[in-house]
Amino acid sequence: MKKKFLLLLSFMLILIVAGCGKEKNHVEHQPVNQSHVAKIERNADDKILVVYFSVPESDNAETITEEEKKSAVVIDGEVLGNTQYIAQIIRQNSGADIFRIEPVTPYPMNHGEIEQIATKERRDNALPEILNKVENFDEYKIIFVGYPIWYGSMPRILYSFFGSYNFAGKTIVPFITSGGSGFANTISEIKNIQPNANVIENGLSVKREVIKSSEQDIKNWLKNLGF
């Protein structure tokens, strides 16, 4: 009887440890097609670009609130947007150039105001005007594109970006930050806008509450892609 009890106790401990291990998984790889996990085929001289849209709700590391921390991370005293932080890690570990998507009319830093604007843009199918353009866009072969998930979709300014360039023959690698929704339908949306591009389906999805501790997971994801 004692032996059976010890065996049962050991089995329960194994289950608990396994469950804890799953909870520590910071980064979600969420391919639309689970079988599509191949490395990106590329030449050594292929130019790489990291494009991102990120709106931190504070620029003051000393006064940042808990609400503002949902969209930003403080690194060495500097406030970075969640997606901005990931974009920088990707750039550092891929040798890419980097481009930040910024609107002609800047978004406010107040959370409530951003929500109102984002809701209106989505309702109106708006295409916010982008401040700058990517120089020598045609030279890039692989383009990482990062964005937060707003209301189960891409921010409308991403539609402006994807509609501004011809991605035919290029590889698009999406990466996102969210409160837990993952990519939603955004990979399909990118494919619809740029049907002649190779859109990688095993993109990177990072939950906002673990942004600061996700660097090694991001590096592992890049390594799996061949970087």
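Which side chains meet in a salt bridge at 3.3 Å, N to O? The side chains of Lys219 and Glu215 do. Legends for this pair and other sites follow.

This is a predicted model, in which local features need pLDDT of at least 70, side-chain atom pairs count only at pLDDT 80 or more, and totals for chains, interfaces and linings use all residues. Residues are numbered from 1 along each chain as its sequence is written, and side-chain values use heavy atoms, with hydrogens and water left out.

**Figure 1. Overview of the protein chain.** The secondary structure comprises six helices and nine strands. Helices (H or I, at least four residues) and strands (E, at least two) are DSSP runs, numbered from the N terminus. Of the 227 residues, 44% count as buried. Buried means under 20% relative accessible area, exposed over 50%, and partly exposed in between (1.4 Å probe, protein chains only). Among contacts with a separation of 6 or more, 79% come from residues 24 or more positions apart. A contact is a pair of heavy atoms within 4.5 Å.

**Figure 2. Lys219 and Glu215 in helix H6.** The structure holds five salt bridges. A salt bridge is a side-chain nitrogen of Lys or Arg within 4 Å of a carboxyl oxygen of Asp or Glu. Lys219 and Glu215 lie four residues apart in helix H6 (residues 215–225), so about one helical turn separates them. Lys219 is partly exposed, at 29% relative accessibility. Glu215 is partly exposed too, at 31%. Elsewhere, salt bridges that share partners join Lys120, Arg123 and Asp124 into one network.

**Figure 3. The salt bridge of Lys47 and Glu139.** The closest N and O atoms of Lys47 and Glu139 are 3.2 Å apart. The pair links distant parts of the chain, 92 residues apart. Lys47 sits in strand S2 (residues 47–52), while Glu139 sits in the loop between H3 and strand S6 (140–148). Lys47 is partly exposed, with a relative accessible area of 31%. Glu139 is partly exposed, at 39%.

**Figure 4. The salt bridge of Lys191 and Glu201.** Here the closest N and O atoms are 2.3 Å apart. Lys191 belongs to helix H5 (residues 186–193). Glu201 lies in the loop between strand S8 (198–199) and strand S9 (204–207), 10 residues from Lys191. Lys191 is partly exposed, with a relative accessible area of 31%. Glu201 counts as buried, at 11% relative accessibility.

**Figure 5. Ser160 in helix H4.** Helix H4 spans residues 156–162 and holds Ser160. Ser160 counts as buried, at 9% relative accessibility. Its side chain reaches the backbone oxygen of Pro128 at 2.8 Å. Ser160 touches Leu127, Pro128 and Ile130, not counting residues up to four places away in sequence.

Figure 6. A search of the whole structure finds one cavity of 30 Å³ or more. A cavity is a set of points, on a 1 Å grid over the protein atoms alone, where a 1.4 Å probe fits but cannot get out; lining residues have an atom within 4 Å of a point. The volume of the largest cavity is about 50 Å³; a volume is the space filled by probe spheres set on the points. Its lining consists of Ala118, Glu121, Arg122, Trp150, Tyr151, Met154, Pro155 and Arg156. Helix H3 (residues 111–123) gives the most to this lining, with three residues. By class, the lining has five nonpolar, no polar and three charged residues. Ala, Val, Leu, Ile, Met, Phe, Trp, Tyr, Cys and Pro count as nonpolar, Asp, Glu, Lys and Arg as charged, and the others, Gly among them, as polar.

Notes. On a 1 Å grid over the protein atoms alone, a cavity is a set of points where a 1.4 Å probe fits but cannot get out, and a pocket is an open set with protein on both sides within 12 Å along at least five of seven lines; lining residues have an atom within 4 Å of a point. A polar contact is a pair of N or O atoms within 3.5 Å; within protein, one must be able to donate a hydrogen and the other to accept it, and residues adjacent in sequence count only if both atoms are side-chain atoms.
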